[in-house]
Amino acid sequence: MANAKLDRDGVLVTCPSCGKTNRLRYVSLASATQCGSCHTRLSPPAEPLEVPDPATFDALVTSSALPVVVDFWAPWCGPCRVMAPELEKVANGAKGEWLVVKVDTDAVPELGERFRIRSIPTLAIFKGGREIHRSAGARSAADIRTLVNTALTTVHPS
């Protein structure tokens, strides 16, 4: 989770060519974006991103052009740590399809409380500013991908 980070206006990414930081606005994550300095094409993140605060989370889920897969977790949770590399695989494979983010329920307890997270890890899928699906428990990368694809295509198609 070191190459990109979230803020209230978008995803901050480093250009692979010139090293400059660029902001990919949430509303344009599904569109082609270029570095403001060297014009190299920039891709949406291929890694889970940490949500730093409730305001950033709200901005993300309400304005993201891509569906958002949220992992509610905590550092002390064994199943969460087991699922972390699986979530990394999914984020890498889903680049441009959806955005994967992580909410540390110890660091940002307001979000855990707001969404009544009672068991971790819990995956929640947001589309168009609304939660469309939720599932608790550790999962493999294949299970996560199936869960998300099913939620997005059969429950709430585009």
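Student: What radius of gyration does the chain have, and what would a compact globule with 158 residues have?

Tutor: This is a predicted model, where local features need pLDDT of at least 70, side-chain atom pairs count only at pLDDT 80 or more, and totals for chains, interfaces and linings use all residues. Residues are numbered from 1 along each chain as its sequence is written, and side-chain values use heavy atoms, leaving out hydrogens and water. The radius is taken over C-alpha atoms, and the globule rule is 2.2 Å times the number of residues to the power 0.38. With 158 residues, that rule gives a value near 15 Å, and the chain agrees at 15 Å.

Student: Nice! How many salt bridges are there?

Tutor: A salt bridge here is a side-chain nitrogen of Lys or Arg within 4 Å of a carboxyl oxygen of Asp or Glu. One of them joins Glu131 and Arg134 (2.7 Å, N to O). By this rule the count is seven.

Student: Which side chain meets Arg114 in a salt bridge?

Tutor: The N to O distance of this pair is 2.6 Å, and the partner of Arg114 is Asp58. Arg114 lies in helix α3 (residues 109-114) and its partner in helix α1, so the pair ties together parts 56 residues apart in sequence; helices are DSSP runs of H or I, at least four residues, numbered from the N terminus. The partner is Asp58.

Student: Is Asp58 buried, partly exposed or exposed?

Tutor: Buried means under 20% relative accessible area, exposed over 50%, and partly exposed in between (1.4 Å probe, protein chains only). At 28% relative accessibility, Asp58 is partly exposed.

Key. Helix = DSSP H or I, 4+ residues; strand = E, 2+ residues; numbered from the N terminus.
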